Amino acid sequence: MLSIRGVSRSYGSSQVLHDVSFDVAAGTLVALVGRSGSGKTTLLNMVGGLDRPDAGTVLVDGADVTALDEAGRSRLRRDKVSYVFQTFGLVPVLSAAENVGIPLRMRHTPREEREKRVARLLDLVGLAGHARQRPDELSGGQQQRVAIARALASSPRLLVADEPTGQLDAETGLSVMALLRGVVESEGVTALVSTHDPVMMRLADRIVRISDGRVTHDEETAG
Amino acid sequence: MSLHRPSMRGRARADRGPLLLTALVVFVAVLITAAVPPLIDRRADRAVAEAVSAAGDAAGMTAQVPFDAETPGYPRVRRPNSATVADGYAGSAQQLLNPTLRSVFGPPVVSVSSSDLELRTGGLPGRTLRLVYVGEPASLTWTDGSPPAQDPSRGEERAGPAPWPVSVGLSEAASEVLGLSTGDRVRTEDREGGRVELRISGIYRAQNPSDQVWKVQPQLLEPAVFTDTRGITTSFTSVLLSADSLPDGRLATAPTDMDVTIEFRPTAGSISRDNAPVVIDSLVELGAGSGVAQDEGPAIDFNTRLSGVLERILDQIAVATALAIVLLGAVLVAVGLALALTADLLTRRRGGVLTGLRRRGASLPGLWAELAVESVLVTLLAGGAAALVVRLLIDELSLAWSLPVLFVAVVGPPTVAVLAAARATNHRAAPANRSARRTLAVTRQLRRITTEVAVLLAAVGAYTALSQRGIATNNGAAASLLPALAPSLVAVSGGILLLRILPPALTGFLRPAGRLRGSLPLLAASRAGATAGRVLPLVLIVTSCALAVFALSVRATASGSGPVAPDARPLAGALADGLRDLALVAGLLLMALAVLALVIGALGSAPERGETAARLRTLGLTVADTRWICLGELLPVALAGGLVGWMLGRVLASRAVGLLSLRVLNDLPADPALVVPVITYVPVVLLIVTVVLVAAVESSLRRRERLGQVLRA
Ligand SMILES: Nc1ncnc2c1ncn2[C@@H]1O[C@H](COP(=O)(O)OP(=O)(O)OP(=O)(O)O)[C@@H](O)[C@H]1O
Ligand SMILES: [Mg+2]
């Protein structure tokens, strides 16, 4: 599904990623862990073409992301790779339902189909009753659920989440993590999630640990 | 309260863009406000002298005096002292002038002239002659013959006019036109058919044709000749009497046919704006006594249009000055808003740093002082440079009108910044408790409504003052400030009202935009409402557009070419030019400020827009799409602000035509029709172009950046 091969990246004189390589199999939830500054975000950005490696390739579904031009990268994010961020990134004046509908609108999904899918997704993330609320009328956990629903709207192959629970308290964070775990099962999506939290790691199929830009540890979890 | 110099320098360097912009606004504003008042004042002073000299004959004063009456029934006698008598009349007329008028008018020119005589000898009809005596014109050259003398063929005393001819001189031009030369004897007739014989004693030429004498009696040098469409020529010629031949002329013509005219001309530059009212009063006083015989001497009838000329130019100066004050007021208000906007921009960029300093315990007065050092420096440099330029260019400097600019430039930035820092670090500003939040929201609304109502009331008050009292230009700037600010305050009010209407209207677009299938209309509408809600940019766009349209329309209307009465005297010269230039400069500056407001507004909302764009791009939106969203976000503000401003400016200009009495400038009988020139559309077009440019620049910057980096920021 996702194949990272020999990816390196430096900022100026400091090298952030050193020849990083690993694969992610379809339908799995992989946790990317490491101390702050170890290069997690940098790596995740490579996957959806938000950043480009100095060397190495990133293959999504067999296609080389690093070779895509601007339009290709937009298409990649619209169709295959969805992001969820620590700061939920919802559009403030739009309702939860409208936020979830944005990727569908970008694909010009017919209105009825769009509304049906939005309703289903909100239901999936447990927010069926909050469709018309705006982000500032939702709790942090609820906002992140909306963001996850929005990320799933375009039926992506790969869900990339960069510390999705970073701004949430432990309990809410865990429920969001459980939701991610659930959608991997129910939607058949592949997920790459960076996190600091050991509890969250337990929910993953596999843990990839990087430190100082090198993969130091890569193991399947018992679960 | 110690100032931390390195951090001050660092901040100034980091924000040199907005600081330079502030400096530029201060520079231009001080340039205009320091140069215009003295220029207008100086030109108004000169305008009186210009109007007097342009009025020509109309600025002169004549006194008509009938020659001392002959007693009916008695035989007529030759009065050898006629010339002395005429000169005596001039003396009496001058005696009647008060010291002001005596200082204004030069020595009078006395002339005696007969009524029209028709030349009967030779040639065709249509040749009219007048016998004219003009005292002793010093500078004549007799090119042929000699000056007119007492007729040598008669005795000292005699009765009856005929058959003695009157000796007269002819100008070279007259001799040519009439075909007469020295020694010729011709017959003329007056209207009643009375015969008057003339003998040409000689031909003369003026040594100094520009002498005032020849202005009073121009036909003594050059006959007026007219040829009509059928080719028939008529001519009017004055022939010269000397002191010796004047008594013969009187005796030869009917008893009441000769009048003494005493002609006064104001000496150049003797009437200024300061003494003109006194001159008018003196003339009125003199007019009251005219036609009344003095204790001894003749009845003198003074006649002048000078007071009309002076009243008109004083009126025109008053209107021009009022208009200049209104335009300056417009510049001041718009510049004030622009400076507030640059202060806001600066504060936005420094928000984090200042809040941090505050959290680490910096006192608000300390922060204020640190920032004030910077704003004082910027203001001093920019204002000082402008003042220097003004001083060099016009050799005069008055900073009274610049003070508000300097004040806002000094106090604005630190105050806005400190208020923002105080708000950000005030815990009550974001209470967790819901009801406390509601109370706070209500308080904010109330504060906003109070401000709006205050501005609206000021606008209404100013407008009422303007329509009831007009702008008093003679009792100092203070009294005239409120009415002069009327157009500006109305424009600001328009901006405030639009600020109430536009954001909800745009948010209302969310619904219909949501019904469309694509994402762009919805996303643009979601941003547009927020951007339109930014107070200063929208208010400044509306205000400066309205005032630019106002200034340019008033300019076009005031210099418009309508039907003008033939004897109308439009304000001309340096003052008229100054007014036109001022309106143009103000119009252009206001246009620039409208664009500046839009650009600063766009800069202010750029971080949010960039953040939204970055988020949406992670969802697959293309850079090209973000450009459309940017257009959709900014265009409503630009269009609504520009068009509302345009309409408001037009309305203001059309009201101003009457309220500021623009007809006075062109000496029109009625208010001129409003002229809205094409250039008034320029601000609207500029705003649209600016939006397109901003969108293009933003998207080209966006293409270059790495999304991953943007999301980190
Ligand atoms: N634009 C940049 N210029 C220089 N260094 C950068 C830049 N962006 C990131 N870095 C550096 O790259 C390294 C890796 O950063 P990255 O954000 O990938 O770490 P991370 O593992 O996501 O950390 P965290 O857990 O705190 O989010 C850090 O040392 C960071 O300082
Ligand atoms: Mg990170």
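The model is predicted: local features need pLDDT of at least 70, side-chain atom pairs count only at pLDDT 80 or more, and totals for chains, interfaces and linings use all residues. Side-chain values use heavy atoms, without hydrogens and water, residues are numbered from 1 along each chain as its sequence is written, and chains are lettered from A and ligands numbered from 1 in the order in which they are written.

**Ligand 1**

Ligand 1 lies between chains A and B. Around ligand 1 are 14 residues, each with a heavy atom within 4 Å of it. Ser36(A), Lys40(A), Thr42(A), Gln709(B) and Arg712(B) come nearest.

The table gives polar contacts, pairs of N or O atoms within 3.5 Å.

| Residue | Residue atom | Ligand 1 atom | Distance |
|---|---|---|---|
| Gly37(A) | backbone N or O | oxygen | 2.8 Å |
| Thr41(A) | side-chain N or O | oxygen | 2.7 Å |
| Gln709(B) | side-chain N or O | nitrogen | 2.7 Å |

On its own, ligand 1 has 630 Å² of accessible area, and the protein covers 65% of it (Shrake-Rupley method, 1.4 Å probe). Two elements give two or more residues to the shell: α1 (40–47) of chain A and α21 (707–712) of chain B. Helices here are DSSP runs of H or I, at least four residues, numbered from the N terminus. α1(A) gives the most, with three residues.

**Chain contact**

The contact takes 30 residues from chain A and 27 residues from chain B, with heavy atoms within 4.5 Å. Together the chains bury about 2600 Å², 55% of it on carbon and sulfur atoms. Buried area is the accessible area (1.4 Å probe) lost on being put together, summed over both parts. Arg517(B), Arg615(B) and Leu619(B) supply 26% of the area that chain B buries against chain A, more than any other three residues.

**Annotated region**

An unreviewed UniProt entry annotates residues 585–701 of chain B as "domain: ABC3 transporter permease C-terminal". Such annotations may be inferred rather than shown by experiment. Over residues 585–701, chain B is 78% helix and 0% strand (strands are DSSP runs of E, at least two residues). The end C-alpha atoms are 34 Å apart.

Note on methods. Polar contact = N/O pair within 3.5 Å; in protein donor to acceptor, adjacent residues only side chain to side chain. Buried area = accessible area lost by both parts, 1.4 Å probe.
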